[in-house]
Structure formats: C-alpha cells, structure tokens
Amino acid sequence: MKLKVLSRSDLEKVLDMKSVVEGVRTVYELKAEGETEVWPLVAYEFAKQGAVMDIRSGAILGSEQLHGLKMLNNFPRNREKNLPVFTGMLMVFDSETGLPLGVMDASYVTGMRTGAAGAIGAATLARKNSEVLTVLGAGRQAMFQIAAITVTMPQIKTVYIADQLDKDNEREFAKMCGKRLEEQFGIDGSGIEFLPAGDLEKAVGMSDVIITVTPSRKPVIMKEWVKPGTHFSCIGADMEGKEEIDPEIFRGARVFADDKDQCIRVGEMEIPVKSGVISPGDVDGEIGQVIAGKTAGRKDDAETTIFDATGLALLDLVTGKKALDTAWEKGIGLTAEM
C-alpha cells in the first residue's frame with residue numbers, strides 16, 4: 001500500500017487559491033445537503049507553554065468519500081527558540097476502504113482553506129458593490145485571507161491592514177502586500193491599494209467587508225463604529241473565550257455559521273449567546289445552506305451580516321485530497337510504503 005507524504009514546500013507547489021476556494025465551496029454545499037459529518041472538536045491548552053493544540057475531524061460522504069483528522073499546534077513562544085509557531089499534521093483516508101491516502105503538513109493547508117472560508121463568507125453575504133475591506137490582524141493568516149478575497153471578490157479596490165498590537169508591523173505588512181501576493185500565490189494585486197489602517201475606528205467606518213483573524217479574548221471592533229450594510233467574516237474566534245467583535249454587533253444582524261453547534265460552543269457567537277444578546281434561534285443558518293439556495297442570505301443593503309467560521313476538518317480534507325491528486329500527477333512529494 002502506497003501513500004503520499006507532503007511537506008509545506010510540496011503543498012506550495014500543488015495548491016492554488018482558486019481550486020481551494022472551489023473545493024471549500026463544494027464542501028459547504030455538501031454539508032447543507034447532509035453529505036458530511038463533523039465530529040467533536042478536541043482542544044487542549046498548555047498553560048505552562050502558553051500554547052494550544054486542537055484536533056478537528058470529520059467525513060465527506062457522497063461523491064468524495066473521505067475522512068480524517070488534523071492536529072494543529074500553536075506555540076507562540078517558539079519564536080524565541082527560532083522554531084515554527086504553527087505545526088501540525090493532516091491525515092486523509094478513503095472512506096470506502098479505510099485506507100490512508102496521505103499525510104501532510106497541516107499549517108499550510110489550514111492557511112489556504114481558512115482564507116477560502118473567510119472569502120467565501122464575504123462573497124456570499126456582503127453587498128455586491130463592496131469595494132473596501134479591512135483585515136483585522138496582520139499575522140500569518142492575513143495574507144491567505146487577502147489572496148482568497150482577490151479570487152472571490154475581484155471588485156475590492158482598497159484593503160486596510162489593522163494590527164492593534166504593532167503599528168510598525170501594520171505599516172510594513174501593508175507595504176509588502178502586493179509583492180507577497182505575487183510571490184506567494186501568483187496573484188496580481190496591482191489593482192488594489194493596500195493601506196495601514198492607522199485609526200481602526202475610521203477604517204471600520206469606511207469598510208464594506210471586515211475579516212477578523214486575531215486570537216483576541218476581548219472585543220476589538222465596537223458596534224458604534226460600523227456603518228449599515230457591513231459584512232463580517234469572523235475567523236479568529238475558534239475556541240472558548242475568544243472574541244473579536246462587540247457582541248452588540250450581533251443584535252439585529254443576519255448571522256450564519258460554518259457549523260452552528262460548533263460556533264455556539266466556541267465561535268464568535270459563543271459570548272453573544274451566553275450573554276443573551278442573541279439566542280441560538282437567532283442564527284439564520286449555515287453558509288452552505290445559503291450557497292445551496294436553501295436559506296436566504298443578505299436581504300437588503302442596510303443590514304449587517306456575520307459569518308462565524310470556527311473551522312471544519314472537512315475543508316482540510318478536501319484541500320488535502322486536491323493536493324494529493326496533483327502530487328501524484330506531478331510526481332511531487334515522498335511516496336511511502338505501509
């Protein structure tokens with residue numbers, strides 16, 4: 001029995017953002033059709049190391065027939081040791097035989113599919129004439145979000161980069177965005193103006209779309225800053241206690257999840273639900289239901305829309321399978337015997 005082993009550098013050669021977006025959109029739709037299974041999230045905090053590990057698993061049924069799991073580690077103090085902060089492994093299996101198909105670096109797959117998720121949420125729920133985006137957070141995930149937005153919302157003309165903890169990084173990130181899009185993703189960003197947010201309240205007030213990708217545990221964006229018709233893709237809150245936006249933003253908004261039960265437990269909507277700002281019944285549905293035409297998304301240009309994405313192993317599996325298929329075609333990666 002043979003399987004592929006793919007490193008990060010291998011994955012960079014076999015994955016492109018357009019195909020990842022297509023795969024993620026397909027999985028969301030399959031989920032709406034009842035063709036997937038999301039298994040319970042396992043998370044553990046290493047208090048002494050200031051680190052966290054999570055395991056996400058599930059199955060894609062129907063035409064795909066895949067199951068598997070991803071273990072991802074986030075050890076921020078590794079920077080001081082000159083070691084990678086994000087590490088992990090993704091294992092993909094054939095659901096008809098139970099045989100393993102491949103093992104690969106999980107951090108790059110996570111970055112690609114998470115970027116696709118945030119951008120799909122925005123393209124599905126934002127106003128069609130949206131032109132201004134703010135990305136809250138200027139860490140490793142921000143570039144994946146921006147790359148995916150160029151695929152799903154080519155009408156975006158201005159991108160504000162916001163880093164509330166390091167304004168020097170904010171300025172440098174914005175300065176290098178166009179070059180990094182070309183070098184890392186092969187995407188031409190010359191038609192987009194990338195700017196440091198500076199005054200976050202002002203940037204938020206000018207934005208049509210806001211994507212949040214921080215580990216914050218208290219609100220960074222307040223309701224009074226937000227103009228009517230804004231869309232939020234909330235990506236950073238994926239464990240209990242994480243929170244990036246004012247819970248009051250949820251009041252009266254149309255709210256969608258990648259997986260409703262998981263988002264209520266550990267997503268951006270966790271605290272609004274626990275505090276009574278909204279109830280589980282106020283969640284309008286899942287993003288796949290909107291994509292599949294089973295649930296209405298945005299109903300008018302004045303309402304706020306929120307996509308809460310906690311991350312599903314399903315997205316890793318379909319992205320990993322695409323990587324494996326291309327790797328076999330191109331002879332990339334290691335082939336292991338089991």
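Which residues line the second largest pocket? Arg8, Glu12, Tyr108, Arg140, Phe144, Arg180, Gln184 and Phe185 do. A pocket here is an open set of points on a 1 Å grid over the protein atoms alone, where a 1.4 Å probe fits, with protein on both sides within 12 Å along at least five of seven lines; lining residues have an atom within 4 Å of a point. Helix H1 (8-14), H4 and helix H5 (167-185) each give two or more residues to that lining, and H5 gives the most, with three. Helices are DSSP runs of H or I with at least four residues, strands are runs of E with at least two, and both are numbered from the N terminus.

A word on the source. This is a predicted model, where local features need pLDDT of at least 70 and side-chain atom pairs count only at pLDDT 80 or more, while totals for chains, interfaces and linings use all residues. Residues are numbered from 1 along each chain as its sequence is written, and side-chain values use heavy atoms, with hydrogens and water left out.

Of the 50 residues lining the largest pocket, Asn74, Phe86, Val213, Thr214 and Pro215 are the closest to its centre. Elements supplying at least two lining residues there include strand E4 (51-60), helix H3 (106-125) and helix H4 (140-152).

Last, Leu99. Leu99 sits in the loop between strand E6 (86-94) and strand E7 (100-105).
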